[in-house]
Amino acid sequence: MAATPQKPAAATPRRKVSRHRGEGQWAAGHFTPLNGNEQFKKDDDGLNVRTRIETIYSKRGFDSIDPNDLRGRMRWWGLYTQRKPGIDGGKTAILEPEELDDKYFMLRVRIDGGRLTTRQLRVIGEISQEFARGTADITDRQNVQYHWIRIEDVPEIWNRLEVVGLSTTEACGDTPRVVIGSPVAGIAEDEIIDGSSAIDEIHSRYIGSKEFSNLPRKFKTAISGSPLLDVAHEINDIAFVGVNHPEHGPGFDLWVGGGLSTNPKIGVRLGAWVPLDEVPDVWAGVIGIFRDYGYRRLRTRARLKFLVADWGAEKFRQVLQDEYLGRELVDGPAPAQPLQRWRDHVGVHRQNDGRFYVGFAPRVGRVDGTTLTKIAELAEAHGSGRVRTTVEQKMIILDVEEAQVDSLVESLEALDLTARPSSFRRGTMACTGIEYCKLAIVETKARGSQLIDELERRIPDFDEPLTININGCPNACARIQVADIGLKGQLVVNDRGEQVEGYQVHLGGALGLEAGFGRKVRGLKVTSDELPDYVERVLKRFQEEREDGERFATWAARASEEALS
């Protein structure tokens with residue numbers, strides 16, 4: 001009997017073998033661009049686009065702009081195209097960039113350390129009125145942002161800013177962004193050390209220099225000698241935090257690798273104490289590590305926080321010392337916990353020279369050019385020539401004589417700029433949102449302002465420190481993960497089955513006091529219309545259930561899901 005023929009065995013599929021290209025780290029010899037962003041940066045440094053803006057684009061108009069300049073290099077000079085009006089949040093992720101682009105720009109003015117003279121503030125206000133349809137928002141990184149800017153007007157705006165010592169240089173892009181600092185540096189009675197000279201030195205040596213104008217992604221810096229920890233140091237790429245060394249005196253504790261967005265990480269201490277005069281060199285060493293060892297293959301992993309997470313603090317410090325500083329850093333102490341929750345400097349406070357500073361709260365950072373001009377005039381009328389912006393979207397007028405304080409506070413109130421805000425007015429922050437931002441899905445600024453009004457009306461006796469941060473997309477520009485109540489914009493389904501604007505809720509995040517990320521309750525999303533009802537309900541439960549002296553974040557961590565829903 002003949003054997004039954006056997007079918008040939010199925011061939012095993014061959015795995016496609018691809019050569020691992022590494023992470024695009026220059027220090028490993030990987031200089032070949034691995035994505036479009038790295039390619040356009042290699043083709044031409046972003047700083048070079050200014051010449052084309054001044055000589056070509058401002059004369060020929062928006063349609064003459066090269067796409068790699070429009071959506072890439074122009075950021076090196078603080079320019080982003082803004083969202084075209086009328087495009088709803090459901091189309092944010094599906095339209096091409098050219099479909100989302102309006103022919104107007106957001107322009108960011110960098111304000112290092114949040115420091116402004118009244119002359120500078122007046123110029124910012126005048127530019128807003130003349131070129132930006134009155135827009136001028138205060139950001140949570142101490143900057144001012146304009147909208148509705150025409151490319152034809154950019155050279156004149158630059159000229160006016162630079163005459164008074166301001167610029168938009170590297171306000172955006174894969175660059176060292178604005179150096180944030182304590183807004184009361186040099187004047188606060190409780191200050192550990194004034195970091196202003198280090199901010200000035202970093203700016204003069206490195207901002208606008210091609211030494212660090214091609215980084216894997218943005219690089220955020222914070223420097224503060226305030227015991228209030230007033231610059232959100234935990235979520236910056238590098239932070240210098242004021243401490244007193246038991247042997248060497250006042251200096252800074254060094255932190256690296258913080259950041260939020262879709263992969264939030266709290267920065268880590270390197271355990272190193274840095275004296276004031278060495279801050280710029282240490283800063284250059286850390287940003288040098290980022291430039292040379294930072295991951296350039298995937299934009300989603302190109303922030304310093306990913307390198308720090310992979311290396312750990314010990315290796316990072318060793319590389320910094322061995323390859324970039326050529327010396328050992330001094331071991332030092334950690335900063336003490338701040339003694340109060342609020343660190344925005346709102347209210348009336350005595351300076352170290354006997355005069356006073358007055359901090360006040362615009363609504364969710366939303367001001368306008370006319371208001372900024374009036375603030376400058378008010379400051380001067382009450383004897384001051386200096387103002388500050390804060391990382392909480394607030395402002396401060398410095399150097400006010402005691403006899404002038406009450407008059408100034410009343411004058412600010414008349415502008416709806418209160419120095420005595422409710423907890424809701426004081427603690428609510430919002431990003432730009434769908435009004436102008438191409439990444440946004442929902443409205444933020446108007447929603448935040450409306451929420452303040454509703455909560456003040458519904459819970460007028462609520463006086464606990466509380467932060468409510470509202471973001472229009474997952475990118476966390478408004479720091480949602482570290483707020484008591486963080487609201488991440490997204491489309492949700494309402495009780496009628498309709499897709500509407502809403503928010504995913506994060507509860508119990510914090511900075512300064514036991515820094516950590518908020519809790520996400522499974523399935524907890526609220527529509528924009530439901531938002532006031534939801535926040536009121538949760539805050540009343542907090543008032544009912546809290547223990548003596550318990551903070552909202554502590555309660556939210558232990559509360560039942562039912563109590564938080």
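User: How do strand 2 and strand 5 pair?
Analyst: Strand 2 (residues 101–109) and strand 5 are antiparallel, with four bridges. Strands here are DSSP runs of E, at least two residues, numbered from the N terminus, and two strands pair if DSSP finds at least two bridges between them. Bear in mind that this is a predicted model: local features need pLDDT of at least 70, side-chain atom pairs count only at pLDDT 80 or more, and totals for chains, interfaces and linings use all residues. Residues are numbered from 1 along each chain as its sequence is written, and side-chain values use heavy atoms, with hydrogens and water left out.

User: Which residue is the bridge partner of Val109 in strand 5?
Analyst: That's Val144. Ile138 also stands opposite Val144.

User: And what joins strand 4 to strand 5?
Analyst: Two bridges, again antiparallel, with strand 4 covering residues 135–138. Strand 4 and strand 5 form a hairpin with five residues between them, and Gln142 in the turn has a positive phi of about 70°.

User: Is strand 5 buried or exposed?
Analyst: Buried (under 20% relative accessible area, 1.4 Å probe, protein chains only; exposed is over 50%, partly exposed in between). Six of the six residues of strand 5, 144–149, are buried, so the strand is largely enclosed by the rest of the structure.
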